[in-house]
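Thanks for making the time this morning.

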Amino acid sequence: MTTPEDLPEFRGLVAKLGPELRRRRHEARLSQADLAKAAGISRNQIQNIEQNRNNAGGVANPTLASLVEIGRASCRERV
C-alpha cells in the first residue's frame, strides 16, 4: 500500500515546509521554544519539521492540527 511519504509530491512539499517555517519564525523573531510553547507542541516537533526529519529517521510528517497551531501561534506572536 502506498503511503503519503512514498509520493514524490509529498516529499517535495515537506522539503519546502521546513525552510519556510524557519524563515518565517526568524522573521517573527521567535525561537523554536517560543513558537512551540505558543503552538502547544514540543520544541522537538518544530526542530523536526524545520530539518525535514522525524524521530524514527524518516521525513517529517506533521499533522494538520500541528500545522494549524503553528500558523495560529506565529500570527498571534506578530500582533
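I will go through the salt bridges, helix by helix. What you see is a predicted model, in which local features need pLDDT of at least 70 and side-chain atom pairs count only at pLDDT 80 or more, while totals for chains, interfaces and linings use all residues. Residues are numbered from 1 along each chain as its sequence is written, and side-chain values use heavy atoms, with hydrogens and water left out.

How many salt bridges does the structure hold? There are six, where a salt bridge is a side-chain nitrogen of Lys or Arg within 4 Å of a carboxyl oxygen of Asp or Glu.

Let me begin with helix α1, residues 8–27, helices being DSSP runs of H or I with at least four residues, numbered from the N terminus. Here Glu20 pairs with Arg23 at 2.5 Å, N to O, the two being three residues apart, about one turn of the helix. Glu20 also forms a salt bridge with Arg24, with the closest N and O atoms 2.6 Å apart, and these two residues are four apart in the helix.

Glu20 is partly exposed at 28% relative accessible area, meaning that it falls between buried, under 20%, and exposed, over 50%, with a 1.4 Å probe and protein chains only. Arg23, at 37%, and Arg24, at 43%, are partly exposed as well.

Turning to helix α4, residues 64–78, Arg72 and Glu69 form a salt bridge at 3.1 Å between the closest N and O atoms. Arg72 is partly exposed at 48%, and Glu69 is partly exposed at 26%.
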